[in-house]
Amino acid sequence: MDGVPALDEPLSKKSLGPATAKVLAEALDLHTVGDLLHHYPRRYAERGELTALSDLPLDEHVTVVAQVADARVHTFNGSKGRGQRLEVTITDGSGRLQLVFFGKGVHKPHHDLLPGTRAMFAGKVSLFNRRLQLAHPSYELLRGDGEEAVDVWAGALIPIYPATTKMESWKIAKAVDAVLPSAVDAIDPLPDALREGRGLAELPDALRLIHRPRTKADIATARERLKWDEAFVLQVALARRRHADTQLPAVARRPAPDGILDAFDAKLPFTLTDGQQKASKEIFDDLATEHPMHRLLQGEVGSGKTMVALRAMLAVVDSGGQAAMLAPTEVLAQQHHRSVTEMMGELAEGGMLGGAERATKVVLLTGSMGVPARRQALLDLVTGEAGLVIGTHALIEDKVQFHDLGLVVVDEQHRFGVEQRDALRGKGKQPPHLLVMTATPIPRTVAMTVFGDLETSVLDQLPAGRSPIASHVVPAADKPHFLTRAWERVREEVEKGHQAYVVCPRIGDEEDQKKKAKASAEDEAEKRPPLAVLDIAEKLRTGPLTGLRIAVLHGRMHPDDKDDVMRRFAAGELDVLVATTVIEVGVNVPNATAMVIMDADRFGVSQLHQLRGRVGRGSAPGLCLLVSEMPEATPARQRLAAVAGTLDGFELSRIDLEQRREGDVLGQAQSGVRSSLRVLTVIDDEEVIAAAREEATALVLADPDLTAHPGLRTALDALLDKDREEYLEKG
């Protein structure tokens, strides 16, 4: 969008002045005319409307439009009046806010801010004597000077820009005024047929209307057009990526009849769910093609993704290839290895006495393995003796060579960097097929925007025999007896022969304490450090759970110790496991029925849902207790109530996204580059994103190199700077 000379012109060359251009660059990352034109107002204040002062956020930089209700000068430091403080109270009908000015900064505002005066004020909201205030705010009076007969602001909508302490909203507005004439030179990325067919405004008009609207209808017209730009350009980038994949060569992997997959299916003690069968068919169809599969397998916690992935891996082994599963942690890699070998039985004992005739070897590869075991694993991979390998990022090291890598399964995609996935894919003679699994259900729009280069399979039903999970919030500060009852419930579950998890946000050893000391003070309510595994385990042993078999599990334990604890817990030799989030993904102990999450408000929505999925994995119902000391009306408690209120991961992921916004989502998806979305919101604009994807796919199919669409190429070049281009290249 910004790739034309007029819009590429540096702001320092415009009539803004070098100081303004410098602040725009440093504080807001705006360097060119195009950057500034695409820095849209966050909202608009109306001349007759007053901004809500009643719910200002603490510690944030705000711009408010209000009227002066009262102004008083207080003198201190003796009778000579050396120290002066001006206190101005402003109101907007919804609330009142105090402004304070000190010392020499008192005179001008004392002259300007008379009762009845209306102005825009900008500053950082702070707390003084338990009241919100702005200290030394900048302000702009909303009236013409005596010499000016015309009221500049009359009837207009006042744009409020995302601003900083060094660059107030009205200064940005003045800078925009200086460059707005250049909008006529903006090259339109949308093909004429698309724009006209959907009745969208031309780009120069949209830019003018978003910055200087006369009516609310102007804003709607501009936003609709600019949303299409963002959605369409992003979807074209993803469609070209998908198209390029179809041009790559890959070995088609079709399972041999009467092979290891058939033998595995024959010994399954249950039937696959409809969702598992459908996802398997989609994956097998992709594997049978001669270009690399790129598929996202997403589903509820416990919906049986591992089973679907394992069948795909066995199909590849049947076709003569090898399959690798990449897990984010050693605990999870070991857990996957254990559950895969258990599910396969004698089929996982290839080359061993007692192994089945059609068996293969399943090897584990992690960074902490002993030298002899590691050497044997590497040998099994390079000779092809091992058809399946499960490991952590240790799989990516240069020493690891495969005989014929046909499929890479990545578990919990969001924990792996692009480079790591790319390095593993580079180990095949030809690009291997790729299956990405995530247990965080992703709303359809996010999948289309973030994982738009992947085809998607969804598992949305739980396998038979899974039990419902009851979830409750335990308000430990308001009702301490609820916490006492929580520990009684854990005892009751253990007495029935079941087991329980207790999850804490922190480990609690010395290294942890040092980190905490360095960290800046958190939110008022979070002054207390998060509860720690080691402390809570000790309190439970000597207090409410005395006499039960309690062990701890956390990321800084030696891998052998971690594995030993998990093995004992899985074997029923322990009653209660006090752990950090190392148990969040993939840990499968069907006999564990209860989970108590301490300081649950310190975890995100998706993380709580993941953790909760560790219970209720057998025939007995699950119980998840979310312990929090936060007061009832806080957003943290509302978040916990949402988690307790539904087991639908897709619904929770929407709530999570609405709270976090998509900056996080797209920031991570586009390798940490500033989000390219300014007016598009991936939750609210589902229809625009879906329609843009269709249009983009059709256009790229007809013209992969975009030779007939120079404006679109320019827009893509602006969107896909070097970092993003590499990200999309690597996938």
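Is aspartate 258 buried or exposed? At 58% relative accessibility, aspartate 258 counts as exposed, where exposed denotes over 50% relative accessible area, buried under 20% and partly exposed the range in between, computed with a 1.4 Å probe on protein chains only. The model is predicted, so local features need pLDDT of at least 70 and side-chain atom pairs count only at pLDDT 80 or more, whereas totals for chains, interfaces and linings use all residues. Residues are numbered from 1 along each chain as its sequence is written, and side-chain values use heavy atoms, with hydrogens and water left out.

Of its 731 residues, 54% are buried. Among contacts (heavy atoms within 4.5 Å) between residues at least 6 apart in sequence, 74% join residues at least 24 apart.

Helix α2 covers residues 18–28, and its buried residues are Ala21, Leu24 and Leu28. Seen down the axis of α2, these buried residues fall within an arc of 85°, so they line one face of the helix; the arc is that of the directions from the helix axis to the C-beta atoms. An α-helix has 3.6 residues a turn, so residues three or four places apart point the same way. The cover over the buried residues of α2 includes α3 (33–37) and α5 (169–179). On the other side of α2, Pro18, Ala19, Lys22 and Glu26 are exposed.

Just after α2 comes aspartate 29, with a positive phi of about 60°, although aspartate 29 is not a glycine. This residue sits in the loop between α2 and α3 and is partly exposed, with a relative accessible area of 33%. Aspartate 258 likewise is a residue other than glycine with a positive phi, near 55°, and lies in the loop between α8 and α9 (260–266).

Helix α13 (residues 371–383) has 13 residues and reaches 18 Å from its first C-alpha to its last, close to the expected 18 Å, a span defined as 1.5 Å times one less than the number of residues. The buried residues of α13 are Arg374, Ala377, Leu378, Asp380 and Leu381. Viewed down the axis of α13, they fall within an arc of 160° and so line one face of the helix. They pack against β10 (322–326), β11 (361–365) and β12 (386–391). The face of α13 turned away from its buried side carries the exposed residues Val371, Pro372 and Arg375. Just after α13, glycine 384 takes a positive phi of about 90°.

Two packed helices are described by the angle between their axes and the distance between the axes. The axes of α8 (residues 216–247) and α25 come within 10 Å and cross at roughly 85°. Axes are lines fitted to C-alpha atoms, for helices over the stretch in contact, and angles run from 0 to 180 degrees between N-to-C directions. The two helices, α8 and α25, are therefore roughly perpendicular to each other, given that angles under 35 degrees count as roughly parallel, over 145 as roughly antiparallel, 65 to 115 as roughly perpendicular and the rest as oblique. In this contact, Phe232, Val233, Leu234, Val236, Ala237 and Arg240 of α8 meet Leu712, Arg713, Ala715, Leu716 and Leu719 of α25.

Key
Helices (H or I, at least four residues) and strands (E, at least two) are DSSP runs, numbered from the N terminus.
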